[in-house]
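Biologist: Please put the model up, and I will ask about it piece by piece.

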Amino acid sequence: MIQAILVFNNHGKPRLVRFYQRFPEEIQQQIVRETFHLVLKRDDNICNFLEGGSLIGGSDYKLIYRHYATLYFVFCVDSSESELGILDLIQVFVETLDKCFENVCELDLIFHMDKVHYILQEVVMGGMVLETNMNEIVAQMEAQNRLEKSEGGLSAAPARAVSAVKNMNLPEIPRNINIGDLNIKVPNLSQFV
Amino acid sequence: MSDIVERTLTALPGLFLQSQPGGGPAAAKTPFSSRLGGLVRGVTALSSKHEEEKLIQQELSSLKATVSAPTTTLKMMKECMVRLMYCEMLGYDASFGYIHAIKLAQQGNLLEKRVGYLAVSLFLHESHELLLLLVNTVVKDLQSTNLVEVCMALTIVSQIFPREMIPAVLPLIEDKLQHSKEIIRRKAVLALYKFHLIAPNQVQHIHIKFRKALCDRDVGVMAASLHIYLRMIKENSSGYKDLTGSFVTILKQVVGGKLPVDFNYHSVPAPWLQIQLLRILGLLGKDDQRTSELMYDVLDESLRRAELNHNVTYAILFECVHTVYSIYPKSELLEKAAKCIGKFVLSPKINLKYLGLKALTCVVQQDPSLALQHQMTIIECLDHPDPIIKRETLELLYRITNSQNVTVIVQKMLEYLHQSKEEYIIVNLVGKIAELAEKYAPDNVWFIQTMNAVFSVGGDVMHPDIPSNFLRLLAEGFDDEMEEQQLRLYAVQSYLSLLDMENVFYPQKFLQVMSWVLGEYSYLLDTEKPEDVIKRLYKLLMSDSISSETKAWLIAAVTKLTAQAQASDTVERVIQEFTVSLDTCIRQHTFELKHLRENVEVMKSLLPVNKSCEDMVVDASLSFLDGYVAEGLSQGAAPYKPHHQRQEEKLSQEKVLNFEPYGLSFSSSGFTGRQSPAGISLGSDISGNSAEAGLKETNSLKLEGVKKLWGKEGYLPQKESAAGDGAEAPPLPPEVSPSENIDQAAAKRTQAQVLAPSKEEKEKQLLASSLFVGLGSESTVSLLGKPDVISHKFRRKSKVKAAKSGEAASTHNLTCSSLNSLSHVAYEENDYLTALQDGEDTESKDLPLGPELSDSESLSELPLAEKVSDCSLSALSLFADSDMEIFQPPSSAAASLTRDIASASCFLEETAGDMCSGRMEVCSDETVSVSSYKLWKDDCLLMVWSVTSKSGSQLKGADLDIFPAQNFKISEQRGCCLPVMEAGSTKNFQYSLQMEKPFTEENLSGFVNYQMVDTHSVQLEFSVNLSLLDFIRPLKISTEDFGKLWLSFANDVKQNIKISEPQAALPSALKMLQQKLRLHVVDIQGNEGLLACRLLPSTSSLLHCRVHADGLALWFRSSCPALPDYLSYQCQKVMMVGPGI
């Protein structure tokens, strides 16, 4: 399970802080600081994994990080996650950010903090990886953006008028794998279907 | 990717002036959002932390005013929330806004709601009280027709949701599993997974729906359900073996690229999905050949397909390797996996190298030769600049330590230890070093020096077991007395020299160890008198850096030494100094010392030399205080009540309203609900009586026959393992070790590959040969288990004495009670006896029940006793080395039973039904059948499996093994493994079982391995169901004892059972409990009955039943918290079935 996702810049200023496990407020700040110091010490050419600091639980937890220009993306995970898998999940997250913001930069993370959180919610939900398919995440975000635009346009109208728009559905991308005979067959389970 | 995020903060002001680029145009137009911009700009422009604080506080107070103003619209509120989130992220308290975040989620339109939910999930935690206010909103949104609202609600549920409120939303989320949109189904599955994590019992009933999710036509939903399965299989893999085929099929299709291209990541099909599936397979196939066989193909395919072109394929490969090594081994796959590990280890990429080391660490115990192959890489990693690589290497070395390379490895570990500052690393490493040192120490000097290093570095953070283990090792000694004395002597000498050093400070724990050792073993010193040692201790005592706990240890040491020293001025000074100490504990010790000094005889007997392991007999009952107590009582003092009794009384006085939630009913079926504790009168006759009896006990302090031992468990003074001495021979020094040559040869081979080794290289190879010594000789080791070739230098003495005394205590009624238990079984099984019983019952309805029951007991015992003695005699002749009841099961193919045992086995067949459960065939194939019996022995449940060969052909090396089960302690009883089974004959395997943790029903499974003469070996699996009742034995105690026990047990459960004709029911109910549950009827008084039983090995439980107008009130008490629940469940079951059956 993912315990926390931290994004901070080269100076240790937090840009995104999301904990999936409960830590008291002060401890959260200390963890951000501790993690920053742990990560900052490391050269770019050594490994992207390190043991969690003492606050987050020591050697049972791993910090997996990537450094992009001005930002560090750090995922704190327990032993049940695959290190390389998480490393690529960070990449997925950043690439998705890039697609949603068209050339993402640190400023986007600052001024659209809420949006970044929404994107993250589509990737990781409650500490579990929800979606790793970039197109799907972007589609979800676009649907929400469209919502925003329509609401923005109708903002002056009485709320009842909006409800019609509210009920619109998300676009359905064909994700079914029932393509010809290629669909996934799960034997022995037909009685449950 | 890095070029994408090129723009830095320096570009910030400029960007700001041109309004905002990128998304969110609507937000940018409102004045409020630019307030966030202003805030950010302000914060970035500041130079000091102090200024930032000021600015944010300002911002927060203006926000506080805004959010609480009634004129603030929801739209403004939305903007405020974003700013609050920003402040919270920077670590400032914005708790005044929490309630507004919840309001926003409740009242806002879609966009505002979204911000509200996000703010709530960032601000609050699962047990925050405000969260309860959100439950209603979540329920409403879950029912909404708008998909976005449902999604938001599901998201918040899986992020934070109060556990008590799960029932409110559970049915709604269950419905969502059938939703037409896959995103909703996916999120619902994850929300249910979250529930499974925080309250597993609440989602028990929807496991079947998880299966549906697994078969969902959408890949995303299926992938989400894998989270749940991974978790559940980790908890209990045996329950999901049937799904193996499905997981394999899914993986096959994923690997085969049958998913939509959408799921590809860098042209690798759904890598995360593959990783999950591989993990699940690894868990399923663990120690299970049949399941493992199903997955060999797909694993092979995965290994082959994972072409090494991207990071993420390495992730898959790593999981593959892990899975291959954790399932039942297959040599081809292992070979391939080993090659993969090589790729990792030799990779120039540091991430992969790290994973390679990690993989090696996992597999090295199964295949030590792998470490040998990569020894040069491992040596390089040992000096790697990256500490995490170093750590992993040390972990690897720790796993391959043996008595030959221990010195080098421990040295490396100590080097790392001296560099690291993190506390958890120190604790971890110190523990490992101490473990290795104790296991493999080559000599005394090294051992003591290593432990000194451990104590001085580990100091006060290390696990408290380490010093106490060390002291126990010294105190209990080991087999060789000479060695033992030398070790102690060396410890004393090294501590004295450490103490003589000036200006060195040792951790308190180390000083405590020193003072104990010096106090106990200074007498071994020839060169120094106790007086000198006392002087050193005195110097320590006067030092300021010593904690008062350590001072107490030091004074204890001084006291011990005083007994050996004659008159000593230093002791005098100690006494003077510390009788006025402010620390009461130290003062107490000093006064003891002072008084002991005045009476040398007492002191010598109290503090004998080198007797730390001997037991002292102490009158723990304090009988010498009887007079004092009696006097106190006669003067009207209140009698002493034990602590738990006082608490109980206090509780019963306080019990006005019960605020505790009622416990969940044990079973959801239609039993009458358990009454609340206040429902039953507390002052029933029985408990009143027993309480009184308890009081009387304390009054008179009747203590005959009480002989408690004070101190540690006794240990057998004489040596008892002469046989172990051979293995005990001191390990050869590394230079002359035979396996050394092999390893050096291996090292040389590597050397030959590396062209022209530099001097540095040579050093490394030298290191390698000392590190990997002893591994080569084990390279032929079996893949199934870790080879256990450890020869402990310091083998602890076993605690035979303790075991023996326990045995002696239980032997006096062993014979009769074993007969008893048999007779109870006989009630169940033997029609004849039951008929007899029934007949008697009808005759003696009016008689008091107690004598009747005991009568019938003795009646049934008599014939059985004869039978048993007979049968054990004949069994003895059959199985010469067995002393228990063995019976020959009726063979299903009894054609070729040898003549001479035929008569005996016939007899056994006859009696078999009486004393054990019916014979049950658990598995069979065309050649063998396996049947099992339960024998309810007095001290354990004896399971007997008999393997019978059906055909005429011979079976070779039939062997039976039981899978370890977490709730049982299983030990094999004299498995006499015949090399070749007589055709058609039977072989018995006996296992004695003890329960470790109470349960109602549990499966015990195992397998039989046999070899046909010319085909290869065949494996058959079976499982047997065991219930709690198999482990219940009657507890024969008197009513008085019952009263005492009743008071001492803290865990109780009360239960009402409705029965017809309650007045007549007590005798029959008691009889039924006695027969079916094997409870012992202690006493019957009027409409109340007392029963007692014990759960093997020794947890006792008591039952008090009382008949009243509506039925039967059962009241269980036990020392084990879970037992009353289980017993009451069993009672209900028995009673519900009714006496007729």
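Biologist: How many residue pairs are in polar contact across the interface of chain B and chain A?

Modeller: This is a predicted model, where local features need pLDDT of at least 70, side-chain atom pairs count only at pLDDT 80 or more, and totals for chains, interfaces and linings use all residues. Residues are numbered from 1 along each chain as its sequence is written, chains are lettered from A and ligands numbered from 1 in the order in which they are written, and side-chain values use heavy atoms, with hydrogens and water left out. A polar contact is a pair of N or O atoms within 3.5 Å; within protein, one must be able to donate a hydrogen and the other to accept it, and residues adjacent in sequence count only if both atoms are side-chain atoms. With both residues at pLDDT 80 or more, the number of pairs across the interface of chain B and chain A is 22.

Biologist: Which helix gives the largest share of the side of chain B that touches chain A?

Modeller: Helices here are DSSP runs of H or I with at least four residues, strands are runs of E with at least two, and both are numbered from the N terminus. Nine residues on that side of chain B come from one element, residues 182-198, and this is helix α11.

Biologist: What area do chain B and chain A bury between them?

Modeller: Contact means heavy atoms within 4.5 Å, and 104 residues of chain B are in contact with 100 residues of chain A. Buried area is the accessible area (1.4 Å probe) that two parts lose on being put together, summed over both. Of that area, 60% is on carbon and sulfur atoms, and the total for chain B and chain A is about 9,400 Å².

Biologist: Which residue of chain A meets Asp386(B) in a salt bridge?

Modeller: A salt bridge needs a side-chain nitrogen of Lys or Arg within 4 Å of a carboxyl oxygen of Asp or Glu. The rule finds seven across the interface of chain B and chain A. In the one with Asp386(B), N to O is 2.8 Å, and the partner is Arg42(A).

Biologist: With which residues does the side chain of Arg22(A) make polar contacts?

Modeller: Arg22(A) is in the loop between β2 (14-19) and α1 (25-40) of chain A. One polar contact, of 3.4 Å, is with the side chain of His125(B). The other contact listed here, at 3.2 Å, is with the side chain of Ser127(B).

Biologist: Is His117(A) buried or exposed?

Modeller: His117(A) belongs to helix α4 (residues 113-123) of chain A. Beyond its neighbours within four places in sequence, His117(A) has contacts including Leu118(B) and Leu122(B). Buried means under 20% relative accessible area, exposed over 50%, and partly exposed in between (1.4 Å probe, protein chains only). The relative accessible area of His117(A) is 2%, so His117(A) is buried.

Biologist: Over which ring does the charged end of Arg114(B) sit?

Modeller: A charge sits over a ring if NZ of Lys or CZ of Arg is within 6 Å of the ring centre and within 35 degrees of the ring normal. The charged end of Arg114(B) is 3.9 Å from the centre of its ring, which belongs to Tyr118(A).

Biologist: What kind of aromatic pair do Phe318(B) and Phe344(B) form?

Modeller: Rings of Phe, Tyr and Trp (its six-membered ring) pair if their centres lie within 6.5 Å; planes under 30 degrees apart count as stacked, over 60 as edge-to-face and the rest as tilted. The structure holds 23 such pairs over all chains. The ring centres of Phe318(B) and Phe344(B) are 6.1 Å apart and their planes are at 75°, so the pair is edge-to-face.
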